[in-house]
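Dear colleague,

I am passing on the model we spoke about, and I would be glad if you could look through it with the notes that follow. They begin with the terms used and then go through what was found.

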Amino acid sequence: MGNELYIRFRATVNSTTIRQLLECLDDRFRNACSLVHIMISTPGGSVKDGIDIYNYISALPMPVHTYNIGQVDSIGIMIFCAGERRFSVPHARFLLHPISMNVLINHRFDEHLLNEHLNSLRVDQSNIAKVVAHTSGKTEKAILEKIHKRVTLSPEEAKAENLLHEIKSRIIPEGAQIISIEDAFN
């Protein structure tokens, strides 16, 4: 087990929880951690923060393994896909769906601003599809079809789609160091 860390991320993807995850990763990187395990259960959340953390984890020069320990929904798929090795417990799910944006009350839009927001949505959704496609070996078009169909996958289906490497019940060894990141979602 050596210098390994297990992070239990049972939270919504937002600037606060991602900052906490970044702090854990930065600390482990500074301390020459040999392997980080991120155990994920999330309903999703902020697309921006999900894309940011995917890019950061992917850039780390240390191995990171990810685990679905309940639900990896929406933008949570980005954190999951960042794992060099990806696992799931048997009783979990993966949800792909189109992204959306919140609109504030009394917020005014002109044609150019609407187009800007629409283009941002399209680029973000394309980036998500590219990551999932790269991870699974599928085409971006095939992943976009799944996103638009709002597909929910069981671990067996996710394994058949090459999103994960292995389904296993026991993922935490005895004596493992665990850090927990949780929010009101739980």
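Buried here means under 20% relative accessible area, exposed means over 50%, and partly exposed covers what lies in between, all with a 1.4 Å probe and protein chains only. By that rule Ser88, at 1% relative accessibility, counts as buried. Please keep in mind that this is a predicted model, in which local features need pLDDT of at least 70 and side-chain atom pairs count only at pLDDT 80 or more, while totals for chains, interfaces and linings use all residues. Residues are numbered from 1 along each chain as its sequence is written, and side-chain values use heavy atoms, with hydrogens and water left out.

Ser88 lies in strand β4, where helices (H or I, at least four residues) and strands (E, at least two) are DSSP runs numbered from the N terminus. Setting aside residues up to four places away in sequence, Ser88 touches Asn68, Phe94, Pro155, Leu164, Glu166, Ile167 and Lys168, a contact being heavy atoms within 4.5 Å.

Turning to the interior, a nonpolar core is taken as a set of buried Ala, Val, Leu, Ile, Met, Phe, Trp, Tyr and Cys residues joined through side-chain atoms within 4.5 Å. The largest such core has 45 residues, and those with the most contacts inside it are Phe9, Leu21, Leu25, Ile38, Ile77 and Ile128. At least two residues of this core come from each of β1 (4-10), α1 (15-30), β2 (35-42), α2 (47-59), β3 (64-73), α3 (76-81), α4 (111-136) and α5 (140-148). Leu21, for its part, touches Ile7, Phe9, Ile38, Ile53 and Ile181, again without counting residues up to four places away in sequence. A second, separate core has 8 residues, including Tyr6, Phe87, Ile171 and Ala176.

Strand β1 is mostly covered, with 5 of its 7 residues buried. Two strands are said to pair if DSSP finds at least two bridges between them, and β1 pairs with β2 in the parallel sense over 7 bridges, with Phe9 standing opposite Ile40 in β2. From β1 the chain crosses through α1 to β2 in a right-handed β-α-β crossover, that is, with the strands pointing away from the viewer, the path from the first strand over the helix to the second runs clockwise. β1 also runs parallel to strand β8 (residues 178-182), to which 5 bridges join it, and here Arg8 stands opposite Ser180.

A search of the whole structure finds 2 aromatic pairs; rings of Phe, Tyr and Trp (its six-membered ring) pair if their centres lie within 6.5 Å, and planes under 30 degrees apart count as stacked, over 60 as edge-to-face and the rest as tilted. Tyr67 and Phe87 are stacked, at 5.0 Å centre to centre and 20° between the planes. Since Tyr67 lies in strand β3 and Phe87 in strand β4 (residues 85-88), this pair ties together parts that are 20 residues apart in sequence. Tyr67 counts as buried at 3% relative accessibility, as does Phe87 at 5%. The rings of Phe80 and Phe94 have centres 5.1 Å apart and planes at 70°, so this pair is edge-to-face, and both residues are buried.

Best regards
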